[in-house]
Amino acid sequence: MVDIDSGSGSSAPRKRADARRNEETLLGVAAAAFITSGVNVPVRDIAAKAGVGVGTIYRHFPTRADLIVAVYRHQVEACAEAGPALLASSGTPHAALALWINLFVDFLVTKHGLAEALQSDNAAFETLHAYFLDRLVPVCDQLLDAAAAAGEISPDMDAYQLLPGVGNLCIGAGNNPRYDARRMVGLLITGLRLR
């Protein structure tokens, strides 16, 4: 059984490594459950798949909104942390940008129900849009700057232009099986490349 260190309050500023891993496992399971069943999936299903008791989830995430916020933040953090890693490990900055945008597309397309929940009037969700922008825009700008410095793309592109464009291309992904958001985004990223 997975046990999560409560350390979510200010009295425990740093969680133990095993507690962080366990929390990541729980949030990963919850994210997968949200993808397959929506954000209203029963908490007992998430608990069973994570190998914890329902009480463990409620101890750390007292409301469904708390769990949704934690999953959303976890996914944003994973996307943000991937940018520098891809830049360091890819053959070119443009390749890193393309891979990172694919992760961003995954994030957008697989949120099933998360976007609807985030647009609710629940106060717990009010700061998430700003959090999303604060974490992902600088990462995207770093990738764009590196690709521009390498002479791969035009230097006049910025994340505030690109990310909403990618988001708009992903809007129809769930409603039309013939629409391939990833292909359309791929064309956009290819189109950034200087000939």
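Predicted model: local features only at pLDDT ≥ 70, side-chain atom pairs only at ≥ 80, totals over all residues.
Trainee: Where does Arg 73 lie?

Mentor: Arg 73 lies in helix H4. Helices here are DSSP runs of H or I with at least four residues, strands are runs of E with at least two, and both are numbered from the N terminus. Residues are numbered from 1 along each chain as its sequence is written.

Trainee: Is Arg 73 buried or exposed, or what lies in between?

Mentor: Arg 73 is partly exposed, with a relative accessible area of 30%. Buried means under 20% relative accessible area, exposed means over 50%, and partly exposed is in between, using a 1.4 Å probe and protein chains only.

Trainee: Which residues does Arg 73 touch, not counting those up to four places away in sequence?

Mentor: They are Thr 127, Leu 128 and Tyr 131, where contact means heavy atoms within 4.5 Å. Arg 73 and Tyr 131 are 58 residues apart along the chain, and their C-alpha atoms are separated by 8.0 Å.

Trainee: How many helices and strands are in the chain?

Mentor: The chain has 9 helices and 0 strands. Buried residues make up 40% of its 195 residues. Among contacts between residues at least 6 apart in sequence, 64% join residues at least 24 apart.

Trainee: Which residues touch the most other members of the largest nonpolar core?

Mentor: That core has 57 residues, and those touching the most other members are Ile 46, Ile 57, Leu 67, Trp 100, Ile 101, Leu 162 and Val 166. The largest share, 12 residues, comes from H4. A nonpolar core is a set of buried Ala, Val, Leu, Ile, Met, Phe, Trp, Tyr and Cys residues joined through side-chain atoms within 4.5 Å.

Trainee: What is Ile 57 in contact with, leaving aside neighbours within four places in sequence?

Mentor: Ile 57 is in contact with Leu 26, Val 43, Ile 46, Ala 47, Val 52 and Leu 67.

Trainee: Turning to H5, which of its residues are buried?

Mentor: The buried residues of H5 include Trp 100, Ile 101, Phe 104 and Val 105. Their cover includes H4, H7, H8 and H9.

Trainee: What should the 17 residues of H5 span?

Mentor: At 1.5 Å a residue, H5 should span 24 Å, and its end C-alpha atoms are 24 Å apart, which agrees. The expected span is 1.5 Å times one less than the number of residues.

Trainee: How many disulfides does the structure hold?

Mentor: The structure holds 0 disulfides, a disulfide being a pair of cysteine sulfur atoms within 2.5 Å. Cys 79 is in no disulfide, and the nearest cysteine sulfur, that of Cys 140, is 9.2 Å away. Cys 79 is buried, with a relative accessible area of 5%; Cys 170 is also buried, at 8%.

Trainee: Finally, where is confidence lowest and where is it highest?

Mentor: Confidence is lowest in helix H6 (residues 114-118), at a mean of 65, and highest in H7, at 94. Over residues 1-12 the pLDDT is below 50, and this stretch has 24 contacts in the model beyond near neighbours in sequence. The chain's mean pLDDT is 85, with 87% of residues at 70 or more; pLDDT is the predictor's confidence in each residue, from 0 to 100.

Note on methods:
Heavy atoms only, no water.
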